[in-house]
Amino acid sequence: MLHFSLKHPVSCIMIYLGLLVISLFAIRNIKVDSYPEIQSRKILIETEFCNADAVMVREMVTIPLENTCLLLQNHKSISSISKDGISIVQIEFHHGSNMELALLNTKEVVDSVYNGLPYGCKKSTVKIIEEPDNFLIFALNKTYSGNLEVNQFMEKMVIPNLLRIKGVYDVVYYGGDVKEIQIQLDSEKLNQRKLTLQDIAEVCNLSNCDFSVGTISEGSNIHQVKVNGKIDDYRDWGKIIVKHDLEGGTIRINDLGIVKTEFKKRKNFAFYDGKDCVLVTIKLNNDENPLKTSKKIKEQLNCFQKMNGGLYTFEIIANTTENMLLEINKLLLQGLFGITVTFLFLLFFFKSIFLAATITLTIPLCLVFSIAILTITGNSLNIISLSGLTIGIGLIVDCSAMVAVKIVSFSDIENSAKSIRLSNLGSTATTVIAFLPVFFIEGLIKEFFSCLSMAIISCVAFSYIASTSITVSFIRLIKKNVNENDMQIVNLSKIEKLLRRTLLFFSSRPFGSFLTIALFIILGGVSFFNLGFEINSVKQTNCVTISIPFPANVTAVYIQEKSKQLYEKMKHIPRIKGILMTGGSLKKSLELSTESLYENTLEIELYFKNMEISKIQKILQNEFNFENCKISYCKNNLNRINDFPLGIFYLDGETIEELENKVKYLKNDYKLRFVPYEKKCQWVFIPSIEQLSKCGISSEYISGYLTEYMEGIKLNPVNENDFKLDAKIVCEKNESNIMDMLDQAKVYIDKKPVSISSLGKFSNENKDIAYYREGRKDAKLIFNVENEIHEKLKGKIKDRRNDNYRNMTIEFVMLIVLVIILIYFSIGILFESFKIPVLVIVFMFSAFPGSFILLLVFKFNFDFNVIVSLIILLGLSSNNTILIFEKIRKEKEINKNTIIECCCELTKMLFITNGTTILSLIPFVGSSSIAVSVIGGLLSSLGMNLILLPLIMPKWKLTNA
């Protein structure tokens with residue numbers, strides 16, 4: 001390739017231009033996303049058991065399902081919630097599991113246990129939990145005093161049209177008043193005519209349905225005939241004849257009560273900036289390009305705005321694609337700044353605009369080729385992969401710059417390029433090998449950072465290829481047309497002299513040198529232990545979510561009033577952009593969550609103009625006293641790793657009694673909040689077996705009458721303007737308290753009304769609203785565990801993070817071991833030595849102390865990004881050692897002086913390779929722990945290489961195999 005590039009420079013450039021056009025064509029449809037897609041590893045089993053309380057659901061449905069799910073292979077954990085009428089079991093599988101196969105196996109296992117579940121239990125629904133990463137939320141505000149039309153508009157126009165957009169996964173809306181038709185009957189009039197609600201319901205349904213009556217043949221044509229008895233006007237309900245009296249008259253619905261439309265009791269509501277609205281959440285499909293989908297949604301909203309003539313307004317509250325674009329644009333600007341800084345550095349170094357431009361040109365070329373590789377391999381262009389590309393900017397120019405230094409220093413282009421090719425190959429190989437093992441391990445590191453590894457590997461590999469091809473071709477053309485005097489390297493003689501004096505100083509004092517290095521390593525260790533440890537460490541956020549559970553017997557209207565009071569306090573928070581409040585019965589996630597434990601929840605979302613999380617925490621603690629609530633901060637998709645939907649800590653027990661005893665013990669000694677904590681008051685009717693026997697009726701017969709009396713009976717819906725309105729029959733209830741109301745309930749025995757209270761007695765009791773289980777043990781969640789309490793209770797409470805931390809530690813250790821082994825083999829092959837790779841590997845870790853020290857200085861935590869930066873440093877830090885080794889191995893005699901001279905002669909090489917990488921990362925220092933860690937690590941590695949190599953190599957004679 002090198003020979004061809006020198007002989008045919010124009011042809012080489014043309015080949016690259018052709019590849020560039022192909023790459024640009026390949027990447028035109030690359031998927032742009034916020035973060036890499038993390039495979040869902042959770043399966044949810046929902047089972048309805050109507051009219052059963054939480055205790056019965058737990059014992060008869062949840063526990064049998066949990067026991068059966070133990071048969072599933074490769075499952076990691078089983079957790080569940082049992083509530084009145086429903087059981088929810090969640091199974092989490094290990095990384096790398098085939099989820100489609102796991103879903104089939106789960107369905108088979110659940111089907112096998114179905115016949116063993118109690119009578120009345122519906123068949124379980126089994127599904128993979130797949131929550132889309134991107135969403136768009138907008139508020140639909142009414143500009144007139146009507147309520148029915150907004151729901152018609154939502155059901156008939158908004159939702160169907162939004163669901164037709166390619167890339168829309170689901171549409172959910174909250175808030176808005178909904179009307180229904182009620183036939184309110186007078187119980188005394190019903191008793192006088194010996195009628196029940198069920199009698200009225202049967203007559204009404206028969207008067208409001210379609211009847212197919214048959215077909216008529218007309219020649220060769222067959223016509224279907226039916227009777228359309230659908231009611232279009234709700235007032236027609238009152239004209240329905242219920243029965244004829246003894247005197248030949250008729251009894252109509254109007255004679256027994258009244259027919260009217262009224263608003264249903266709100267089950268949920270939505271407020272945005274203090275205004276009542278309909279909140280619409282559009283979930284975007286992970287498989288489609290969210291930017292295109294978001295654009296189509298906005299176009300559709302504009303169409304709605306024009307169609308309704310200003311009756312409704314649409315206000316976009318949150319759009320993850322806009323945040324994604326902001327982050328991507330920020331990275332692109334930082335990348336462009338990095339390219340500019342690199343160009344200026346090269347211009348300063350080579351003093352030639354042509355040479356600096358030639359080397360800088362390899363950056364966009366390699367970036368385009370790398371994006372093409374990402375497209376071919378099915379990766380998206382997301383914040384993580386873009387971070388890899390921006391990190392690669394400094395690495396791309398290293399090989400070409402080193403070749404340029406050699407060519408400018410010596411007139412023979414081919415020999416100059418060949419002389420540095422081994423060093424370039426070694427540095428490229430170690431960087432590639434450092435990231436290659438990411439593809440061979442299973443877990444979060446692979447899922448989240450495989451695209452970053454692919455981006456960096458592509459950048460580095462293409463940079464090596466470019467350094468021996470198009471860079472050489474351009475330099476060959478430049479040398480033909482430009483005076484060689486115009487191609488010079490900046491004079492670093494003063495730096496070389498300073499470096500020589502410094503190295504001689506350290507080499508003449510070996511004890512002091514080793515002591516200095518030892519103190520530096522100790523300082524790095526101290527810095528490491530003083531870093532905060534967090535998987536997903538983010539300093540700023542633009543959204544805070546506060547979830548406040550309310551008792552089960554509280555209405556949505558009550559929560560709405562409370563939310564208004566909170567809004568008046570919250571609207572004065574500094575830098576607040578918007579306040580969104582949703583409350584009542586909300587179901588925003590398929591996963592088990594704290595909201596799943598409660599019927600009523602108030603969820604507050606505070607939108608900021610990027611604000612420090614620490615400041616937000618201080619404001620919320622000082623201004624508001626939230627009890628029994630969960631506060632979470634919007635960071636990114638890494639929340640899936642360390643933000644557990646059901647809390648971080650929990651307490652378990654073999655039985656409910658054992659668990660309650662543990663809770664009682666810990667409550668007495670520590671101020672801990674356990675969830676679920678709420679009990680609900682329940683009225684129980686205990687029928688008298690003797691009375692039931694005398695009357696010849698059953699408990700089920702009584703329960704049917706009670707249900708009808710308390711809840712009413714639903715009727716066939718009424719079509720009004722092609723919009724279905726729910727209808728139901730209810731009894732007027734004017735009783736002052738529950739007991740009076742229950743006493744009024746009656747059953748009919750031989751067509752005579754009998755008070756239910758005469759057939760038994762009513763009592764009330766407190767019962768748990770839900771039962772949570774973890775690992776087939778009854779458990780309670782703990783939310784307010786401080787560090788001191790956590791240390792004291794380590795053996796008594798469980799920490800969910802332990803498994804994740806342990807798994808990540810194992811993955812990271814395996815990754816490091818694989819990297820070390822592969823680098824040993826590659827360096828051994830390059831240098832034909834068993835000993836040299838050992839020293840190279842030792843010096844690779846010289847980057848870690850500097851990395852930890854700089855992270856502490858810039859106040860970054862040890863997070864997931866730092867783990868990635870350490871892997872990057874394993875590849876980069878060996879480049880300095882390889883460069884020095886290759887220079888030294890050509891010397892006839894190895895001693896301190898020759899090694900120091902070699903290091904001084906390599907000043908230009910070391911200066912440009914480390915300088916370009918460090919300068920390209922400077923724009924990211926304020927926001928990226930990766931940039932800070934890599935800069936600190938490179939400086940640390942360079943310093944320790946230069947100080948220690950003159951002291952170690954002469955004694956160990958590592959230049960010989």
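Two strands are taken to pair if DSSP finds at least two bridges between them. In this predicted model, strand S5 (residues 134-142) and strand S15 (residues 278-284) are joined by 7 bridges. The two strands run antiparallel. Within this pairing, Ile 137 has Thr 281 of S15 as its bridge partner.

S5 and S15 belong to an open sheet of 4 strands. The strand order is S6-S15-S5-S16, and the pairing is antiparallel. Strand S6 (168-174) and strand S16 (312-319) form the edges. Each edge strand pairs on one side only. From one strand to the next, the twist averages 20 degrees.

At least two residues of the patch come from each of strand S8 (210-218) and strand S9 (221-228). S8 gives the most, with 3 residues. Val 213 is placed in strand S8. Val 213 counts as exposed because its relative accessible area is 55%, and the cut-off for exposed is over 50%.

The largest nonpolar core has 138 residues. Among these, Phe 350 and Ile 872 touch the most other members.

Note on methods: Residues numbered from 1 in each chain as written. Predicted model: local features only at pLDDT ≥ 70, side-chain atom pairs only at ≥ 80, totals over all residues. Heavy atoms only, no water. Buried < 20%, exposed > 50% of the residue type's maximum accessible area, 1.4 Å probe, protein only. Core = buried A, V, L, I, M, F, W, Y, C linked by side-chain atoms within 4.5 Å. Axes fitted to C-alpha atoms, helices over the stretch in contact; angles between N-to-C directions.
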